[in-house]
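Take a look at the sequence and the model below.

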Amino acid sequence: EKRLLNAKSSLPKLYSVISRISLLEPERIFMEVLRVVSEIMETGTVSVYGMSKNSTYSRLITSLNEESVFQEKSVDLSHYPGLLAAIEKGEVYRGNRWNAEPALVAPVIYHNECVAMIVIQTVPFEKLSLYQINLLRTLSILVSEMVARAMEYEVLIREKRYVEGTD
């Protein structure tokens, strides 16, 4: 029982993570995601990139620091076919360091489309276990749910505030 309650990935920790990302603004969710992923994966190189519909380009939304940025602020993912295929399927991608790819990339899915990706540039070797990758996958699903809820909330608010005949 003590090990369960004190573990870094125990149920109280999971509740803490969920409560931190349970926000109604996608931008704030992504800011919290940086901190949560950094804590869980024990790395200081996390960033979030936004994806555009029908485009292979991704744009930096936020990052912890300069080392977290994946090459540039805009990245053409067509140069990384394995990464692009994985995030389109909704899977966590484990990068190849020899090809200058990030260590891990997790998609954020909304209406069966990748709207953002969580990019981890470097991860300590001991954190590249199947357990940690599954933990990141679970976190990706949680973030996807929170982002979906926040985006739907924004649509409802926009509709509520819209005055017909105006911009």
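## Residues and a pocket

T43 touches S38, L64, I120, T122 and P124, leaving out residues up to four places away in sequence; contact here means heavy atoms within 4.5 Å. This is a predicted model, where local features need pLDDT of at least 70, side-chain atom pairs count only at pLDDT 80 or more, and totals for chains, interfaces and linings use all residues. Residues are numbered from 1 along each chain as its sequence is written, and side-chain values use heavy atoms, with hydrogens and water left out.

T43 sits in the loop between α3 (26-41) and β1 (46-51). Helices (H or I, at least four residues) and strands (E, at least two) are DSSP runs, numbered from the N terminus. T43 is buried because its relative accessible area is 8%; buried means under 20%, exposed over 50%, and partly exposed in between (1.4 Å probe, protein chains only). A polar atom of the T43 side chain lies 2.5 Å from the backbone oxygen of T122.

E101 is found in the loop between β4 (93-94) and β5 (104-110). Which side chain of opposite charge is nearest to E101? It is R97, 8.2 Å away. Lys and Arg count as positive, Asp and Glu as negative; His and the chain ends are not counted. The E101 side chain does reach the backbone nitrogen of N96, at 2.8 Å. Neighbours within four places aside, E101 is in contact with F70, Y80, Y93, G95 and N96.

| Residue | Helix | Relative accessibility | C-alpha distance |
|---|---|---|---|
| T138 | α5 (residues 130-161) | 42% | 9.8 Å to A106 |
| R35 | α3 | 40% | 10.0 Å to S47 |

Along the chain, T138 and A106 are 32 residues apart. R35 and S47 are twelve residues apart in sequence.

The largest pocket has a volume of about 220 Å³. Its lining includes M51, S52, K53, L84, I87, E88, E113 and V115. The elements giving two or more residues to that lining are α4 (81-89) and β6 (113-120). A pocket is an open set of points on a 1 Å grid over the protein atoms alone, where a 1.4 Å probe fits, with protein on both sides within 12 Å along at least five of seven lines; lining residues have an atom within 4 Å of a point. The volume is the space filled by probe spheres set on the points, which are joined across faces, edges and corners.

Technical notes
A salt bridge is a side-chain nitrogen of Lys or Arg within 4 Å of a carboxyl oxygen of Asp or Glu. A polar contact is a pair of N or O atoms within 3.5 Å; within protein, one must be able to donate a hydrogen and the other to accept it, and residues adjacent in sequence count only if both atoms are side-chain atoms.
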